[in-house]
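Subject: Structure handover

Hi,

Here is the structure I promised you. My notes follow below it.

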Amino acid sequence: MALSLLTVPSHFMLSNYLDLSRKKGTYGGLIISLPCNSFEPWNLRMHGARVQSKRGHRQVVAASPTEAIVIPTKPLITKEDLLAYFASGCKPKRQWRIGTEHEKFGFELGTLRPISYGQIGELLNGIAERFFWDKIIEGDNVVGLRQGKQSVTLEPGGQLELSGAPLETLHQTYSEIYSHLCQVEAVAGKMEIGFLGIGFQPKWEDKDIPLIPKERSGIMAKYLYKQGSLARDVGRRACTVQVNLDFSSELDMIRKFRASLALQPIATALFANSPFTKGKPNGYLSMRSHAWTDFDKNRTGMIPFVFDDSFGFERYIDYALDVPMFCVYRQEKYIDCGGMSFRDFMEGKLPCLPGEFPTLNDWENHLTEIYPEVRLKKYLEMRGADAGPLTMLCALPAFWVGLLYDEVSLQNVLEMIADWTPEERQMLRDKVPKTGLNTPLQGGLVKDVAESVIKWAKDGLERRGLEESVYLNGLAEVVSTGMTPAEKLLQMYHEKWAQNVDPVFEELRY
């Protein structure tokens, strides 16, 4: 396995816990090579982060994120309850956490083909048994893993996703992601399969992607494939890295939502890492980001109302109530509600469940079926970046923590974007996937904005006093060279790789 190793303070280094051999790499800087037969379970603490903590595993019946225990037959929740739901996410600054998620493509080392569900199931079983994760079972199939506040799940095309625990520091984030990748490699290596850190499937077509036996995915696909021409690609051929961050109040949420939504295209440019489709350059630096523009316009995009004076929890609730539903989970089954209204559900008028009313669990599930560039739950999700190598998986939370968890940096961003018009914000969303850092904006380029915000992010991290700014080094290189990860890949494709996309599987293999 090859993993990019950051130059972090010695007391935070994972290599203090593992015997690692190192070599110089061409894409992510220093490379760690970890023989899978040398990796065994360990208890790892990094500033209190526990990555692997118990022995033995159990099976958990798969469900939507939360399931109602009692099916209500009279109104159980009101709009005030929905407001209280969001308000319950408000936390004092000392309780703010960092939750990082990332997805990756599995492939056979010999053929580079996508791995089948049978191989995925074997992998999940192997990880569960060797590293003591609980298995999430749907029917007779293992479809995920759970350990403490971490989970491993499957996207519709078999992409493997780690949803990390809420952590206090970026050093914990690095530790958590690295630990997960080591566990995956320890099992996958013996199966002759690898995992690829890129934003869009570079070689294989949709027909080559395996079907995953998840009932909810099937219901969603049935609805979404009628809504946008690229919806199938988003579900089955795209991978992202996201970070979830907290807010202290409704006003703090508003300020962070506006700052992060305006800057989401800047993040898209910095992390652009999906220039290939079907083995050839696709004309985009972030094909993943472009695919979201024709997914389902009812539930995606830059949601301009966030910048209205009236914006707050209630306005987001009104938006979410009008986003068409996918399904409801009842008695261990998903019920197809494609296109139906949550407002009708709250009045007991849902056609697929007449006379029944939703619970807060149903509301929470519905919120996961909305996909704007920034998403509100009990925290804010940053959704604009392509997946990439380990250095970039850690750079994404570093970028947003430095900007949003520091008051000076956040205010700098708000002042900078204050005169950006709705048309300019939408222009950035539309053009950045193709032109990246060279996208024009107000007489300058996105690259100029990126230089400023990376400096502010670094300043914000340094004011935290935890030696975390090292995780921004990859982004600093992108801006200093003016080359996004995608442009580096394209350069290698045209020169070193002689217009053959296959070497990307080794270049970006975890």
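Phe399 has a relative accessibility of 0%, so this residue counts as buried. Trp400 is buried too, with a relative accessible area of 0%. Bear in mind that the model is predicted. The ring centres of Phe399 and Trp400 lie 4.9 Å apart, and their planes meet at 75°. The cut-off for edge-to-face is over 60 degrees. The Phe399–Trp400 pair is therefore edge-to-face.

**The cores**

Phe399 and Trp400 also belong to the largest nonpolar core, which has 120 residues. They are among the members that touch the most others, along with Phe257, Leu263, Leu270, Tyr316 and Trp363. Helix α11 (residues 390–404) gives the most to this core: 12 residues. In soluble globular proteins, nonpolar side chains tend to be buried together.

What does Tyr316 touch, leaving aside its neighbours within four places in sequence? The contacts of Tyr316 are Phe86, Phe257, Ile303, Phe305, Phe311, Leu367, Ile370, Pro372, Arg375 and Leu376.

**Aromatic pairs**

The count of aromatic pairs comes to 23. One of them joins Phe247 and Phe313, and this pair is tilted. Their centres are 6.0 Å apart, with 50° between the planes. The pair links distant parts of the chain, 66 residues apart. Phe247 sits in the loop between β13 (240–245) and α6 (250–270), while Phe313 is in helix α8 (residues 313–321). Both Phe247 and Phe313 are buried.

Phe247 and Phe313 also belong to a cluster linked by ring pairs.

Two arginines sit over rings. Arg315 lies over the face of Phe305, 4.1 Å from the ring centre. Arg425 has its charged end over the ring of Phe307, at 3.5 Å from the centre.

**Helix α4**

Why is helix α4 (residues 215–224) described as largely enclosed by the rest of the structure? Because 7 of its 10 residues are buried. The buried residues of α4 are Arg216, Ser217, Ile219, Met220, Ala221, Tyr223 and Leu224. Their cover includes α5 (231–237), β17 (327–330), β18 (333–336), α10 (360–367) and β19 (371–372).

**Strand β9 and its partners**

Strand β9 (residues 141–147) has 5 of its 7 residues buried, so the strand is largely enclosed by the rest of the structure. β9 pairs with β8 and with β10, as follows.

- β8 (residues 134–138) runs antiparallel to β9, with 5 bridges joining them. Asp134 stands opposite Arg146 in β9. The two strands form a hairpin with 2 residues between them. Gly139 in that turn has a positive phi of about 65°.
- β10 (residues 150–154) pairs with β9 in the antiparallel sense, over 4 bridges. Gln150 in β10 is the bridge partner of Gln147. This hairpin also has 2 residues between the strands, and Gly148 takes a positive phi near 60°.

Over to you.

Best wishes

Technical notes. Residues numbered from 1 in each chain as written. Predicted model: local features only at pLDDT ≥ 70, side-chain atom pairs only at ≥ 80, totals over all residues. Heavy atoms only, no water. Core = buried A, V, L, I, M, F, W, Y, C linked by side-chain atoms within 4.5 Å. Buried < 20%, exposed > 50% of the residue type's maximum accessible area, 1.4 Å probe, protein only. Contact = heavy atoms within 4.5 Å. Pairing = 2+ DSSP bridges. Phe/Tyr/Trp six-rings, centres within 6.5 Å; stacked < 30°, edge-to-face > 60°. Lys NZ or Arg CZ within 6 Å of the ring centre and 35° of its normal.
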